[in-house]
Amino acid sequence: MNSVTQAKDKDIREDLSWSQINRDVLASLERPRATYWVLFALAFAVFLVGLGCEAYQYDTGLGVSGMNNPDVWGLYIATFIFWIGMSHSGTLLSAILHIIHADWRKPIYRFAEAMTTFSLMTAGLFVAVHLGRLWEIYYALPYPNERWTWPNFQSPLLWDAMAIFTYLSSSILFLYVGAIPDFAICRDYATGWRKTFYGKLALGWMGTDRQWRNFRVSYLVIACFLIPLAVSVHSIVASDFAMSQQPGWHITSFPPYFVAGALYSGCAAIITLFIILRHVFRFEEYMTLPILDKTARLTFAIAMVWTYLNCIEYATVWYGDSEVAKETLMQRATGPYSVYWWAMNFLGSVLPFTLIFKKVRANLSAMMVISLLLNLGMWLERWMIVTPTFSHGYYPWTWNHSFFPSLVQWGIVFGSFGWFGMLFMLFCKLVPSVSMYEVKEMVFHRKLARLHASQA
Amino acid sequence: MSLDATLNDWTKLRQTHPLPGSHPDLKWAMAIDLDACTGCNACVVACYAENNLPVVGKEKFAAGQAMHWMRIERYWNEADENAPEQGAQFLPMMCQQCEAAPCETVCPVGATNHTNDGLNSQVYNRCIGSRYCSANCPYKVRYFNWYNYPEQVKAWPEPLPMQLNPDLTVRTKGVMEKCTFCVQRLTDAKNNARTEGRPIRDGEVTTACAQACPTSAITFGNLSDAHSQVAQKWRLQRVELDKDKQLKDIDGSHPGLRGYRIFEDLRPYPSVMYLERVRDTQA
Amino acid sequence: MMSHTILGSLARRGTVRAARAWLLGVLGALGLALVSGWAWAGDKVEQPIEFPHDIHAGKMGINCMYCHTYARRSKVAGIPPLRKCMGCHENIESVKDKPRIKKLFEYWEKKEAIPFKKVHDLPDFVRFNHERHIQRFYFQLGRPVQEVCGYCHGNVAGMTVAEKVEPLSMGWCISCHQKDHPDAPAGTRVNFPRMSLADSPAQEPKAETSHGPNDCWQCHK
Amino acid sequence: MKNLQRRDFLRVLGWGGASASVAACGFTSVDSGVETVKSYVEPEDFNVPGVGIYYASTCTQCEGLCGVVGRVRDGRILKLEGNVASTINNGKLCGLGQASVQHHYNPDRLRAPLLRKDGELKPITWAEAMPILLDRTAATRDGRFAFLTGPVSGHFKVLAGNTTEALGSRQHLVYDPLSTRINRVAAEQVLGSGAPRLLLEQAQVIVSFGADFLDTWVSPVHFAGQYARFRRATEDKPRGTLVQIEPRMTLTGANADRWIAIRPGTEGVLALGIAHALLAARPSAAGAVPPALVTAATAFDRSRVLTDTGVSAEAFDRLVKLLQDRSPAVVLSGPSAEGHVHGYSNAQAILALNWVLGSVGKTVVAPVKSPFPQIAAESGDTAALRQFADGLAAGRFDTVFIHDVNPVYSAPAFLKIPELLPKAGFKVVFAQYRDETANLADLVLPVDSSLEDWGTHVAPYQGENLELTLQQPLMERLYPDGTRSVGDVLLEVLKRQRPQEYKGFADYYAYLRAALVANRAAFAPIDGDDEYFWTEALSRGVLHVKAGAEAHGAEHAPARLPALELDFAGATTPAGDPYPFTLAPAVRALRDGRHANLPWLQETPDSLTTIVWDSWAEVHPATAKRLGIVDGDILEIASASGSLKVQAYVFPGLHPDVIGLPLGQGHESMGRYANGIGVNPFRILDPVFDRRTGELAMYATRVRVSKTGTRTNIVSDEGWKSGNLKTQAGRKLVAVLPADKAKLSEEV
Amino acid sequence: MNNKRILGLFNDFDQASAAIRELRGADLPHLDWNEVTIKSPIEHPDVESLLGVRSIPIRKYTLLGALLGGGLGFLGIATAQGNFFQQLKGGKPIIPFPPDFVLTYEMFILGGVYITVLGFLISAGLPTRMKSDLYNVAVSGDQIGVMVKSNAHCVDAVRGIFERHHVLSIQEEVVK
């Protein structure tokens, strides 16, 4: 009764006992709601569809994706950027908020971090899917070989590969290191194969002061590394375009624009997953409405930043002296893809204003819908960067306004969502998706703080 | 593979391109006279014949997956688009072999590089098909093998394969390809010249398109050889390889000059000079 | 100071074991990365006729180009036309009854080329020019022919049927082509020029531009 | 035999090379002992593996008959180039010529003779085929034989003629669906020669009434070369100006400085109008022209001409002024001016302008006369086909040979060839493909491709000197026991009919060799014995026929313009015609359809519309607007004699009353690349004939156009994908410079 | 000589810290202060004040890693480019700085992160076997453990102190 009133305005109930926390979270590893299995099956099915399409494309050639001479990239690269962007919010929550001691992140950063990792994996997948000769992908690796050749370090694509590899591995380490104490807890309470499984992962963590001491510092250090890394990753992805000569791409404001878009879509995605996890794992106590509220406000702020940079992009082109770039911009607004373009602008810049209403922020189903729409908008943004420019570039003879992705291409794009969902669901079933020890800290410190307050 | 090589190249950090005289002996280039070009397509077919280009068929052509390395573009005047009294305008467009090629820098595996005789090489078997080069090509003259034309599309049913030129490969699925200035011919010419211990003579070798062209609109040769036809044409038009603004554009004092390069302001420094089409306005 | 604290921490219990484990792991990974596939020489090939190079090139000391006559004027060295073999063997009574020679005559009766198997087979996207190498090393530098051919084909005089003794991989080609050749007379000096530069034009001997390996298209087609 | 040995040099070396190069790039085996390597049994020192050798021959793709050299490597013909020794094409070669290797390697070539057994064509061997052929021909009753061929020249013409004679017939019918006979007859009459030499490069003005000399007319590659020089300026000659007058824009029209759309059929009127204006301005010129013409011309004053032709006053005056100011000029008459009831009158009036302008003897000179009329080119006509049809209808033929033409496809529907052909007793078709005509044959004999066969040719249009070009095999037969040379077959027939005369010749090759060696005196001298003469002739590919003083034809040109018979009845069509449009068939690379099965030509975009792999109906933008037609609409084009459905293409290069329709597509049976693609305009041509020559009037068919309601996507290289972009969208891709600004003379 | 371990579990930090303070006050002979360890579900808020400042070498590892990553990264890339001179880019130097810096930046972070993690594992003594030490699952739950390693006599004293602060349970073992 009392707790309920508390939960309304407080991020978390302070009278949660530590053992209670352990029990609740560990429960998520054993018996989630049935919805979990439904979602998992769904994701798996979609993934299989994508897999089929990819197999067909691999065998027949990229032509089946419906791409053609001017439009050589299509949805693959667009979706690749989308997934890269998705990954950034994990870092935002786990690293940035960690450094500025915003402790409300604690219950939700773990799955955000996981999201980072898996969306990066998905993005990496698209690099492969998009290649004409996937089987020769090792040519891009800088390793000593009998050909005495090296990849071309000048290519932004190679920077991509490097940045993504760094980001992915660092995120995985960050996620893992941050989860060691929780693995220890799982180990202590688990039985059977799980005990050995978590035992291995826990590396024999015993919560000694020495371990905690080093743990705190290294965690902080890695967090500090992750922030510039995340920024660099998406700047580099942006430079894939900004460094090229295509009209509408050759814009200096692209990197910040991309980063903002990344955080934006990431936050939206967090809201989606927040709601899902809260339901399937009965995390009402931990993923509370106030936290959702904070996340939503953060999302709104970022949405505004993105909108601003979006306008900057248009302005740069508009006041720039490249007639062709201007033409391409107009083409986006009026051409065959104008529908998607306007939809993108609406979903990206107008829709977020619904988040200024507290009622909306507190309404789970509403937030679910909005967050999904926001991500749709962000995905469209990526597509509107890639395709319109290709279809209306410098060379009029090769203009092709009729490009539309084939079913195979769509299949693979959707498949990627299945693949992501599958991995993510799997993860949440195996790893505590709420960081137990940090929630404990949260509760502990908040109680402490209140005590001091009352004493004073 | 030596420290020596590293240090050696270290001295080249400040190298920018194109350098005046960066190709002291050999620089393949073209001059295409649009006044002579009639748009008859002889060059296009010659290119198909010389370079093992697959015939993709109607559906794939419709999908924009045609593989013609060389294409003849036909434009109408904005002025009399519905009553073309000035006739049409034809433009043979193939890889411009840029000196500072946008495609070269972006290839992740370095499958497209610059050769010493000023060509923009494309190594098919190194290509992994990221298609970044095509994305970055302002002329859109790079063509991607969307399918496995020899085996799966059956572009060469027996006995057509007997016509294939053994001096170059048939590109397989998933690699980028483009006009090579018929590099297989150039290589043979260089080989003969070296065997006889002499530099390459002008007119000794030419590309398939130039050789076929009934009106000799295409001139091909060694730009570094001051006496070659192509070099003379470039000089006559005051077009210089390493400038991004030619005399013609700088001041109006030379209205008679016809030489220009397409998209010069993007600074790719193309190796193909076009000569303006001339039309008699009195007629 | 730093070393002190690190050592200090290493001194602590459990630490040494951990450190050793990690060190081994990392070294193992590096080792794997370094041992990346190198092309190896091929093994013996079953030929329709066991042609004894050792007798012809070795014992008789016949010039390689007497039979492989195309090597000096074509990309491909080719194998001798049947008539070439007959030219001599019609008149060598002593060996007429040897099984291999019998086979040879059978083919000749059938007017059918002997389907020899390729031993030194390069990928189809590689353009190797025999003429270039023969012209330079044999005719211009006057090196002994078996040495010149041997650069790539090994000591054929020591084999019956030819065997692949060199990897013939790109790296292997470059390893030779990167060598400077001070003994080469002027005009044929092979110092493979890098992109010629304004500051060092001297680096560019005349008529030396753009031959392998500094030009992908020299060897790749 | 020598012949066989030569073929031996050309034997394919260790075939399998291509399959390897196809697999190239990627997974090719580099393991030892997987691929095999072969060599020749008998070496030829000039024949080095891995090195291309060039053999000279002749391109028989069109009547231009350019000299070519073929690159042969390892016994495979890889590519054709122009033969520099030939003064026809001077080392150049058009796309059509390039594509002839695909005739040679075509996957749809017949590989065995076909005999009709109980209604079905069944493959048989040559051993079986020859006796049947010989017996049946021998059984032909006197004179009841016809030999229908395409344009012929050289010794094949002789052989064909003799065969016909030997069978007691006079019916060697030379048929050319795209014949230029009207032009030839008119030129013969007006200029004194059927094929006068045109010195285009010396002209300052070319006025062409629909003569597409850059693409399809007479000898395109030759004229293209001249055109280049005509465009170039020198100290003594400014850049030439080209004016093209035609109802539908040809490639030549697209390259004109001034393209004038004229109402179809009124070209003659315009010509006389110009003549009138010129004579009025410069009576002196009247000296060369007969008063008849002068008086005739007076009838065509400016106002009438303008109303009749629909040419704008501005264009007319400019043209007249141009012709007054600049000289010399050339005036050409082309198919679109000649293909009418009064086509002959048109041609006369147009060609007569050359007299008025004083071009005769300057830019239009008589050609070198051939000392061998019997091997001179015989360009075909469509009258031959009518003759053939009549013969069939009357059941006058026991035996019919058809070679190098496909009448069942290219004959207008009203001639009913498919229905009549069965009336012939025994139909032998020499064919490379199983085309529409072959399907109706009793015996189909697969023939060598032009790259496997021997032959001699004399082009109907000659360069500065008279040439006899040789055709020789560029590689061994692809199907040694599948195909044969037509010459060999005819020789067999002749040996059966006239053993005495022909038993000396082992085969066609021997026949040719003997014939040329015997006449070697007539050619530009080659020292050495006959053997040397022959090999030398082969290596050159071209023999220059010595032109004796009497043979040179300058003085054969008439001193003045003979009287003309002008009759423009029907030049203008009555109002209220149920068929409001005139059909303008467009001749393209596929020519009369014989090249439709060449993938390169199908995939190469049409020069003006850039459409590939299809037919289309060209509609003028104004007309399209009026009828609400947009690109890709499926239209029904109906004439009095038939109708067809085809996609619309809105095309500015038309007179508004004209519908353009490309020829060559619409095959039912030819090969995988031709079948079912596009439509065949020949089918709907009306039975309209030129009054004088009786030639089919190709450009006189009237049609009506209606939308069927369905629509398709036009497949073309141009930006149809981008809202039918037709201009450069502000980029500087093709820059145009006004001639008066250009300083071309400084460029040489 | 230090051959005995004792682990006492307390209900919360207050009791645990009280116990430790007394332990400190008692300054027993043979008690090496470094052998006093706290085991807790979360880090003890004021562990320094209890156990005194103990070294944290992580940052040194970080510095080392970052420098190694950056330095080697740049050298490696530059050398690769310098030696693979077939790869000439029109308009670009053979060893171009801007791209190499981008990559160096990534290598810098990569090295930093990797070596930091390595450093963490090393200086936190991970991985380690559970048997090697006294442990109680309650420590990962809600109890605070204090562990002391010393000789038998000293351990008895420690036990006394623990009991005085309502220790919940005590484990002991003899170290071989």
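**Exercise 1.** How much area is buried between chain D and chain B, and what share of that area do carbon and sulfur atoms give?

*Before you start.* This is a predicted model, where local features need pLDDT of at least 70 and side-chain atom pairs count only at pLDDT 80 or more, while totals for chains, interfaces and linings use all residues. Residues are numbered from 1 along each chain as its sequence is written, chains are lettered from A in the order in which they are written, and side-chain values use heavy atoms, leaving out hydrogens and water.

*Solution.*
- Step 1: buried area is the accessible area (1.4 Å probe) that two parts lose on being put together, summed over both.
- Step 2: for chains D and B that comes to about 8,100 Å², with 58% from carbon and sulfur atoms.
- Step 3: now look at contacts (heavy atoms within 4.5 Å). Here 102 residues of chain D meet 86 residues of chain B.

**Exercise 2.** Find how many salt bridges cross the interface of chain D and chain B.

*Solution.*
- Step 1: look for a side-chain nitrogen of Lys or Arg within 4 Å of a carboxyl oxygen of Asp or Glu.
- Step 2: the rule turns up nine salt bridges across this interface.
- Step 3: check D:R71 with B:D167, a salt bridge whose closest N and O atoms are 2.8 Å apart.

**Exercise 3.** Decide whether A:L48 is buried, partly exposed or exposed.

*Solution.*
- Step 1: buried means under 20% relative accessible area, exposed over 50%, and partly exposed in between (1.4 Å probe, protein chains only).
- Step 2: A:L48 has 40% relative accessibility, so A:L48 counts as partly exposed.
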